[in-house]
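Welcome, and thanks for opening your viewer. Let's walk through this chain one selection at a time.

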Amino acid sequence: MTSTPTSSTSVKTSRRLLALGLGVTFAALGSAIPASAQTTGSAALVAGYTGSAEESANNKAFFEAVLDSVAEKQAANPSLRSVTVYYNASQAPSFRSQISSAASIWNSSVSNVKLQSTSGSGDFSYYEGNDSRGSYASTNGHGRGYIFLDYAQNRRYDSIRVAAHETGHVLGLPDHYTGPCSELMSGGGPGTSCTNRYPNTAERSRVNQLWANGLAKALDKLNKVR
């Protein structure tokens, strides 16, 4: 785990390197487009990462950032009666199919929130590129975030599982690298032979609980910060 200090006048933001159990966690200034998406020459991924309290907090921060974004949309469209999280995958064209499959998996698995593609401003975005730290999700802590999909990792692991796992963080689930292959959020813990792409019963139940009455929760959250 490494850390990048920020100045006293800068807003500290958190990037969560999920990497399906193969990453590290660090703090950095948020940006609209990940710098790693413009790099080349991915190095060997770090193995054996077992998670930390800091990463758990960052997972929660990303979910709350998405909730903030949903709250803003609800305030602008009070007639909405269901929770829809919009994503933009235009910056990850190589993974368009995998992202679509991941969204379909989640949409068929849970009932209180739905994922929908948009070509405009979404609640979060996907990017692709080379990064030695693997795939991860990131938030600037202000209602915006993105998922980065690493080429090398997606060649080693089941690519739809990678996308579905990272998307699980958007919906509020933490990593659990010591879990079995049947647990989607165990990520890369079970190894490259694991190809399960679906959340288990407990994971589905948890997401439904988190998004139950989601619009009311989003509006309540928005009102508290006004």
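This is a predicted model: local features need pLDDT of at least 70, side-chain atom pairs count only at pLDDT 80 or more; totals for chains, interfaces and linings use all residues.

**Getting your bearings**

Residues are numbered from 1 along each chain as its sequence is written, and side-chain values use heavy atoms, with hydrogens and water left out.

Of the 226 residues, 50% are buried (under 20% relative accessible area; exposed is over 50%, and partly exposed is in between, with a 1.4 Å probe and protein chains only).

**Stop one: the disulfide**

Select Cys181 and Cys194, which are joined by a disulfide with an S to S distance of 2.0 Å (the criterion is a pair of cysteine sulfur atoms within 2.5 Å). Both cysteines sit in the loop between helix H4 (159-170) and helix H5 (201-211), 13 residues apart. The link is right-handed, with 90° about the S-S bond. Which of the two ends is buried, and which is partly exposed? Cys194 is buried at 3% relative accessible area, while Cys181 is partly exposed at 27%.

**Stop two: aromatic rings**

Next, show the aromatic side chains; the whole structure has eight aromatic pairs. Rings of Phe, Tyr and Trp (its six-membered ring) pair if their centres lie within 6.5 Å; planes under 30 degrees apart count as stacked, over 60 as edge-to-face and the rest as tilted. One of the pairs is Tyr87 with Phe124, tilted at 6.1 Å centre to centre and 40° between the planes. Tyr87 is in strand E3 (residues 84-91) and Phe124 in strand E5 (residues 124-129), so this pair ties together parts 37 residues apart in sequence.

Move on to Tyr136 and Phe148, which are stacked at 5.2 Å centre to centre with 25° between the planes. Ring pairs also link Tyr127, Tyr136, Tyr146 and Phe148 into a cluster.

**Last stop: Gln98**

Finally, select Gln98 in helix H2 (residues 96-109). Gln98 is buried, with a relative accessible area of 19%.

Note on methods:
Helices (H or I, at least four residues) and strands (E, at least two) are DSSP runs, numbered from the N terminus.
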